[in-house]
Amino acid sequence: MQMPMPMDAPPLMHKGVPMPMDAPPFAKAAMPVEAAPHKAGVMAMEMDLAEGEVVGGGGLKMAKERVKEMVMSGVGGGGWEVVGISGMGGSGKTTLAMEIFRDHKVRAYYNDRIFFETISQSANLESIKMKLWEQISGNMVLGAYNQIPEWQLKLGPRDRGPVLVILDDVWSLSQLEDLVFKFPGCKTLVVSRFKFPTLVRQTYEMQLLDEEEALSVFCRAAFDQECVPKTADKRLVKQVSAECRGLPLALKVIGASLRDQPPKIWLSAKNRLSRGEAISDSHETKLLERMAASVECLSEKVRDCFLDLGCFPEDKKIPLDVLINIWMEIHDLDEPDAFAILVELSNKNLLTLVNDAQYVSSSLNKAGDLYSSYHDYSVMQHDVLRDLALHMSGRDPLNKRRRLVMPRREETLPRDWQRNKDTPFDAQIVSIHTGEMKESDWFQMSFPKAEVLILNFASSVYYLPPFIATMQNLKALVLINYGTTSATLDNLSAFITLSGLRSLWLEKITLPPLPKTTIPLKNLRKISLVLCELNNSLRGSTMDLSMTFPRLSNLTIDHCIDLKELPSSICEIISLETISISNCHDLTELPYELGKLHCLSILRVYACPALWRLPASVCSLKRLKYLDISQCINLTDLPEELGHLTNLEKIDMRECSRLRSLPRSSSSLKSLGHVVCDEETALLWREAEQVIPDLRVQVAEECYNLDWLAD
């Protein structure tokens, strides 16, 4: 069984694993009618309008029939064709496209050969086209340059029937021209805010809702019913609904933001909306001024947390672990309060929480579990809401902004940054999104107040910005590589001066060999390594990790598939409270000295199929409260002295199929309150259940979610 992978993980088809039919449309296979992919959205805003809910003037049903006619005509003529769905942001384009994707007649017409891909403004077009071609042809693109042979593109897949490719969120004609396949029998449905008459033969234009339909959508969001309640001020509700100008997204977001609010808040919202310019079909800013009302109703701290979401790339999953950590650092929140803000923003339809793990459950409830790993979750946001966050954050002069953000990926730093580089920037968060960066591509800037630096890039080599060395107040550093291969970092000496750094997130980075000595990062509490190449850095390392990271409390290693063993010096970092190792398929065992970590309260070693035993010293972890060994399919037994873990409260051991018995001492786990396991393993706990008073053995549902395959 394949283990879940985080955002932007490389597909597994090259390992010979056939992709299942229920993978989401961003993955390597068609998705079934029942499934629905996550799109950056206000609760998947453009997708969560149920069958029969209105999207345009004539409703979803009429719009769907019109688009079905377009996609199911003319394919058999031997040529290729492009048709489109066009409309402003939030008008229901993706909802309609997903209805086409899931329609039984359309799927039968194309024999399930339908592929869905979200593009976005700063997409890697070459990578997307390669991925789509591999889906269509069923073949891996090989060769020195990873290019699709031109002759294959012209001929198309041999004798495999017609193909429908749905391209969502296309931003330019050049993007579309690069992604359209021109082989016989291929039809492309392009979904965009814009029209492309030179290439698109037919376009269905989304219609805004009329007054009655709009009020119905608004009331569902504000009151959970189809009409205005008798206890509400009907005139005021209609006035606020009318200010949304029939845009489904605005109706749902503003309606949700006013749920359970007193009349004065409603009146205030109506007045603010009425002061904005009239909305039009072509001017996104007019939407943003109205959308801002749903954010300005929030408390200052919650509003700031919403605005922070704009610091992440468009149409990319935001790691929940990163987001919560940033909120804790710059807003002086503790973890439960940060999570409560996440819940509030989700309930107000201002973000979507996505469960990346395979097990399907209520995402918010599961993420709020006491021992849940945030690493299994990510946040997505509708592109219009991201635009709103950027719009509101950009109201101040450039050097005075609290968030300095590159809205989309560019090859160089923005020109206005360079024009203002001689004046210090007051930004608390700096977010940069580029391709490969060399030393000469940077210029010096001053960020005396910066506490968070987010570096998003796509390349195999990346030179760290020289101004890092001057960011004396930096608390959180996030490096995410969206390229196809792991990146090597240059200018690592910049880390030397980061004495105040508290958290470090590295994704798809090749770690260099660790030197024997280095300057300690005395305040670093948290390290997360995701999709990184580690083994060369750890093999034979003589670095004293306890001296380098004297206060490290949280270590996460995920999808580092070349990791075979952990250096024993990790066991000298006695400040460690949480270790989370997941999806490291070659990891065979943990250090024998693990029991030295007397402060360790959480140990997660899940989805590590090569792991065959836990060290006996794990039973010396007197403060251990949570143990997760789920999906360690080769684990055959547990240490005999497991019962010495007198503070252990929860064990997750689902899919440990070779585990045939429990240690006799397991009945001594008096603090154990919850075991999650498979049905066969649950039988092993029957005896312990009789002597451990509050023990609850939960049989895990074998229900899987493949959203982790999404790009």
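The protein averages a pLDDT of 81, and 80% of the residues score at least 70; pLDDT is the predictor's confidence in each residue, on a scale from 0 to 100. What you have here is a predicted model, in which local features need pLDDT of at least 70 and side-chain atom pairs count only at pLDDT 80 or more, while totals for chains, interfaces and linings use all residues. Residues are numbered from 1 along each chain as its sequence is written, and side-chain values use heavy atoms, with hydrogens and water left out.

Let's begin with confidence along the chain. It is highest in strand 11 (residues 452–457), at a mean of 97, and lowest in helix 5 (residues 150–155), at 54. Helices (H or I, at least four residues) and strands (E, at least two) are DSSP runs, numbered from the N terminus. Residues 358–362 have a pLDDT below 50, and beyond near neighbours in sequence this stretch has 19 contacts in the model, a contact meaning heavy atoms within 4.5 Å. The pLDDT is also below 50 over residues 703–711, a stretch with 44 contacts beyond near neighbours in sequence.

Now for the overall picture. The protein contains 21 helices and 24 strands. Of its 711 residues, 59% count as buried, where buried means under 20% relative accessible area, exposed over 50%, and partly exposed in between (1.4 Å probe, protein chains only). Among contacts between residues at least 6 apart in sequence, 66% join residues at least 24 apart.

Two helix pairs are worth a visit. Helix 7 (residues 211–223) packs against helix 8 (residues 234–243) at an angle of about 110°, with their axes 10 Å apart. Axes are lines fitted to C-alpha atoms, for helices over the stretch in contact, and angles run from 0 to 180 degrees between N-to-C directions. Helix 7 is therefore roughly perpendicular to helix 8, since angles of 65 to 115 degrees count as roughly perpendicular, under 35 as roughly parallel, over 145 as roughly antiparallel and the rest as oblique. Helix 7 contributes Ala 214, Leu 215, Phe 218 and Phe 223 to the contact, and helix 8 contributes Val 237, Lys 238, Val 240 and Ser 241. These residues divide into six nonpolar, one polar and one charged. Here Ala, Val, Leu, Ile, Met, Phe, Trp, Tyr, Cys and Pro count as nonpolar, Asp, Glu, Lys and Arg as charged, and the others, Gly among them, as polar.

In the second pair, helix 13 (residues 320–330) and helix 14 (residues 335–347) pack at an angle of about 115°, with their axes 9 Å apart. Leu 320, Leu 323, Ile 324, Trp 327 and Met 328 of helix 13 meet Glu 335, Ala 338, Phe 339, Ile 341, Leu 342 and Leu 345 of helix 14. Ten residues of this contact are nonpolar, none is polar and one is charged.

Finally, a few single residues. Ser 582 is found in strand 19 (residues 578–582) and counts as buried because its relative accessibility is 1%. Leaving aside neighbours within four places in sequence, Ser 582 is in contact with Ile 557, Asp 558, His 559, Tyr 606, Ala 607 and Cys 608. Ser 569 lies in the loop between strand 18 (554–558) and strand 19. With 16% relative accessibility, Ser 569 counts as buried, and Ser 569 touches Met 543 and Leu 545, not counting residues up to four places away in sequence. Lys 129, in helix 4 (residues 125–137), counts as buried at 18% relative accessibility. The C-alpha atoms of Lys 129 and Val 180 are separated by 8.7 Å, with the two residues 51 apart along the chain.
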